[in-house]
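Biologist: Please show me the model, and let us then go through the terms used to describe it.

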Amino acid sequence: MTISSNKTSINLLFLLLALLPSMVTPQCNMEDNSYNNTNKHESLKYKIAAILTILLAGGIGVSIPQLGNKVEALNPDNDIFFMIKAFAAGVILGTGFIHILPDAFDHLASPCLPNSPWGKFPFAGFIATHSHSDDHVVDDHAGHVHVHAHATDGHAHGSVLSSQEYQLMRHRIISQVLELGIIVHSVIIGLSLGASQHISTIKSLLAALSFHQFFEGMGLGGCISQAKYKSLATAIMAIFFSLTTPVGIAIGIGISKIYREESTTSLIVEGVLNSCSAGILIYMALVDLLAADFMNPRMQSNLRLQLGANVSLLLGAGCMSFLAIWA
């Protein structure tokens, strides 16, 4: 399933690259061209620094949860891990609601798009809702596989094994779909940074996106650690996440002279991808992370753990809300 998920992610990246030529044709003249007077050589230095810094931040963030076997606090059986996951869920929830979905609405309701149909229907919410529903279908299918495994198993030991396999399969589905939702958004924000020529904007995005990728990496890393992949598969998923934003920045640098954010195709492609990404992340945060952990009997029977998890959840969402000031 890891290979299939990675192939899907790579196909999405190739789709984005294939559409870049049509995204660079300016069809709306609302852009401020004052960047032509800025020092492009200086901005390139900051973009290169952004690639290295964001790569490092994302790599550290996604790697921290993998230390569970060596650091007791990060072990999935430890109470602190519940609070770390709640914090990560808050980060992912904040990313979906505060960072991605508003951008999707802005893109698909832009005055640069024809009023009909884009101005007459909330396409961003519609697409996000359907993306949310598709995730539910995947989860529901996993549940039917689990029930079928129980129905066809005549031994108690086999039934317990099937339950364990179901949980493992579910964690792997969650980690793969979550990574897919994150990387789509990561490429888009990297593209925006790389294409920008305003040094002040690049500086702000450099700091904000470094923290952004670090926190998102922690959330994804926690899901990957619970999926119990082999070392190679874990490394591939971690590296793939870490590289997406830097790759997006590199693409943005390459097309910065001709890229126009206000072109019709650019607005539609980015709006649709952001809508899908928002729907995926919101569903994953609410259903697969928060609901699964907060309904856990261990959480339900421990008031102190509930309090800690709720505080962690609000702290994670608050951090991403704060970062929304800059990115």
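Biologist: Where is the place of Lys228?

Modeller: In this predicted model, Lys228 sits in the loop between α7 (199-227) and α8 (231-254). Helices are DSSP runs of H or I with at least four residues, numbered from the N terminus. Residues are numbered from 1 along each chain as its sequence is written. As the model is predicted, local features need pLDDT of at least 70, side-chain atom pairs count only at pLDDT 80 or more, and totals for chains, interfaces and linings use all residues, while side-chain values use heavy atoms, without hydrogens and water.

Biologist: Why is Lys228 called exposed?

Modeller: Its relative accessible area is 62%. Exposed means over 50%, buried under 20%, and partly exposed in between (1.4 Å probe, protein chains only). Lys228 is therefore exposed.

Biologist: What makes the phi of Lys228 worth noting?

Modeller: Lys228 has a positive phi of about 55° although it is not a glycine. Most residues other than glycine have a negative phi.

Biologist: Why is Ile48 called partly exposed?

Modeller: Ile48, in helix α2 (residues 40-63), has a relative accessible area of 45%, so the term is partly exposed. Together with Leu44 and Leu52, Ile48 forms a nonpolar patch on the surface.

Biologist: Which peptide bond is cis?

Modeller: The bond joining Ser116 and Pro117 is cis, with omega about 10°. Most peptide bonds are trans. Pro117 lies in helix α4 (residues 115-118).

Biologist: How many helices and strands does the protein have?

Modeller: There are eleven helices and zero strands. Buried residues make up 49% of the 327 residues.

Note on methods: Helices (H or I, at least four residues) and strands (E, at least two) are DSSP runs, numbered from the N terminus. Patches are made of residues with over 30% relative accessible area and no salt bridge: like charges are joined within 9 Å, nonpolar side chains (Val, Leu, Ile, Met, Phe, Trp, Tyr) within 5 Å. Accessible areas come from the Shrake-Rupley method with a 1.4 Å probe; for residues, only the protein chains shown count as cover. A salt bridge is a side-chain nitrogen of Lys or Arg within 4 Å of a carboxyl oxygen of Asp or Glu.
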